[in-house]
Amino acid sequence: MRPPTYCTRCAGELDHSGRHPVCTACGRTHHRDPKVGVGVVVVQDGRLLLVRRGVDPGKGLWALPAGYVDAGEDPRGAAAREAQEETGLEVAVGAVLDVYPSAAVTDGGHGGASFFLAFLATGGGGELAAADDALDAGFFGADQLPELAFPSTRDAVRRALSPGSGPAAR
Ligand SMILES: [Zn+2]
C-alpha cells in the first residue's frame with residue numbers, strides 16, 4: 001500500500017523520510033494501521049473446509065474461510081463471524097495454527113491483509129451454504145483439492161491434512 005502524499009487533516013505535504021509520514025505543515029504523524037486477516041481451518045472426516053473467493057486478491061480461487069478483523073473485535077470472534085458469513089456454519093475457534101506475513105497472504109499482489117492469523121476450528125451447527133464474499137464452499141480431501149489461492153492457504157491446507165501436524169509442526 002502506498003502512503004498518502006498529503007495530510008488528511010490539513011492537506012499539507014507529507015515528509016516520507018522517517019518511519020511514518022509526517023505533515024510538514026501541521027506536524028501530524030500519519031500512522032498506517034495494519035489490516036488483520038483471520039481465517040479458520042476446519043477439518044471434518046479428513047476433509048478441509050474451503051471457500052471459493054468472490055473478491056480479489058485470489059478471486060475465483062479457493063482459500064480458507066477468512067476476512068478482516070473489525071476495530072475492537074476479538075480476533076477469534078472475527079474468524080467465527082467470517083466463517084459463518086461465508087459458509088453458513090457455526091464454528092468453535094481454537095488455537096492459532098500459524099501467523100502469516102502479508103506476502104504469504106496476497107501472493108505478491110495488493111489489497112490483502114497486512115498479516116493473517118489461521119485458527120484451528122471445529123465445526124458446529126448450521127448448514128453449508130456459500131454466501132457473502134464466497135462464491136462456493138465445500139469440504140475437500142487431500143486428493144481432491146481445488147486450485148488454492150495463496151501460499152498461506154497452501155501451507156495451512158498441507159498441515160491441516162497431514163496426520164500429526166499442528167501448531168508446533170512446521
Ligand atoms: Zn497536516
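Modeller: Happy to! This is a predicted model, and the mean pLDDT of the chain is 88, with 89% of its residues at 70 or more.

Biologist: Where in the chain is confidence lowest, and where is it highest?

Modeller: Helix H2 (residues 102-106) has the lowest confidence, with a mean of 76, while H1 has the highest, at 96.

Biologist: Thanks. How many helices and strands are there in the chain?

Modeller: The chain has three helices and nine strands. Starting at the N terminus, the order is β-β-β-β-β-β-α-β-α-β-β-α. Of its 170 residues, 40% count as buried.

Biologist: Now to the metal. What makes Cys7, Cys10, Cys23 and Cys26 donors of the zinc ion?

Modeller: It comes down to distance. A donor atom must lie within 2.8 Å of the metal, and the SG atoms of Cys7, Cys10, Cys23 and Cys26 lie 2.3 to 2.4 Å from the zinc ion. They therefore count as donors. Along the chain, these donors follow the spacing C-x2-C-x12-C-x2-C.

Biologist: Why is the site of the zinc ion called tetrahedral?

Modeller: For four donors, that word requires all angles to lie between 85 and 135 degrees. The angles among the four donor atoms here are 99 to 118 degrees, so the site of the zinc ion is tetrahedral.

Biologist: How do you know whether cysteine 7 is buried or exposed?

Modeller: The cut-off for buried is under 20% relative accessible area. Cysteine 7 has 5% relative accessibility, so cysteine 7 counts as buried. The same test applies to cysteine 23: at 3%, cysteine 23 is buried too.

Biologist: And why is cysteine 10 called partly exposed?

Modeller: Partly exposed covers what falls between buried, under 20%, and exposed, over 50%. Cysteine 10 has a relative accessible area of 35%, so cysteine 10 is partly exposed. Cysteine 10 is found in the segment before E1. Its C-alpha atom and that of glycine 27, 17 residues apart along the chain, are separated by 9.9 Å.

Biologist: Let's turn to the largest pocket. Which residues lie nearest its centre?

Modeller: Arg53, Ala66, Gly67, Tyr68 and Phe150 do, out of 24 lining residues. The volume of this pocket is about 350 Å³. At least two lining residues come from each of strand E4 (47-53), strand E6 (66-68), helix H1 (75-87) and helix H3 (151-160). E6 contributes the most, with three residues. By type, the lining divides into 12 nonpolar, seven polar and five charged residues.

Biologist: What makes tyrosine 68 partly exposed?

Modeller: Its relative accessible area is 32%, which falls between the 20% and 50% cut-offs, so tyrosine 68 is partly exposed. Tyrosine 68 lies in strand E6. The C-alpha atoms of tyrosine 68 and phenylalanine 115 are separated by 10.0 Å, and the two are 47 residues apart along the chain.

Biologist: Why is aspartate 45 called exposed?

Modeller: Exposed means over 50%, and aspartate 45 has a relative accessible area of 79%, so aspartate 45 is exposed.

Biologist: Where is alanine 131 found?

Modeller: Alanine 131 is in the loop between strand E8 (115-126) and strand E9 (134-140). With 33% relative accessibility, between the two cut-offs, alanine 131 therefore counts as partly exposed. Aspartate 132 lies in the loop between E8 and E9 as well, and its phi is near 60 degrees, again positive in a residue other than glycine.

Biologist: Which peptide bond is cis?

Modeller: The bond from aspartate 56 to proline 57 is cis, with omega near -5 degrees. Proline 57 sits in the loop between E4 and strand E5 (62-63).

Technical notes:
Residues are numbered from 1 along each chain as its sequence is written. This is a predicted model: local features need pLDDT of at least 70, side-chain atom pairs count only at pLDDT 80 or more; totals for chains, interfaces and linings use all residues. Side-chain values use heavy atoms; hydrogens and water are left out. Donors are N, O and S atoms within 2.8 Å of the metal (3.2 Å for Na, K and Ca); water is not among the atoms, so sites may look incomplete. Four donors count as tetrahedral if all angles lie between 85 and 135 degrees; four count as square planar and six as octahedral if opposite donors are over 155 degrees apart and all others between 65 and 115; anything else is irregular. Buried means under 20% relative accessible area, exposed over 50%, partly exposed in between (1.4 Å probe, protein chains only). On a 1 Å grid over the protein atoms alone, a cavity is a set of points where a 1.4 Å probe fits but cannot get out, and a pocket is an open set with protein on both sides within 12 Å along at least five of seven lines; lining residues have an atom within 4 Å of a point. Grid points are joined across faces, edges and corners, and a volume is the space filled by probe spheres set on the points. Helices (H or I, at least four residues) and strands (E, at least two) are DSSP runs, numbered from the N terminus. Ala, Val, Leu, Ile, Met, Phe, Trp, Tyr, Cys and Pro count as nonpolar, Asp, Glu, Lys and Arg as charged, and the others, Gly among them, as polar. pLDDT is the predictor's confidence in each residue, from 0 to 100.
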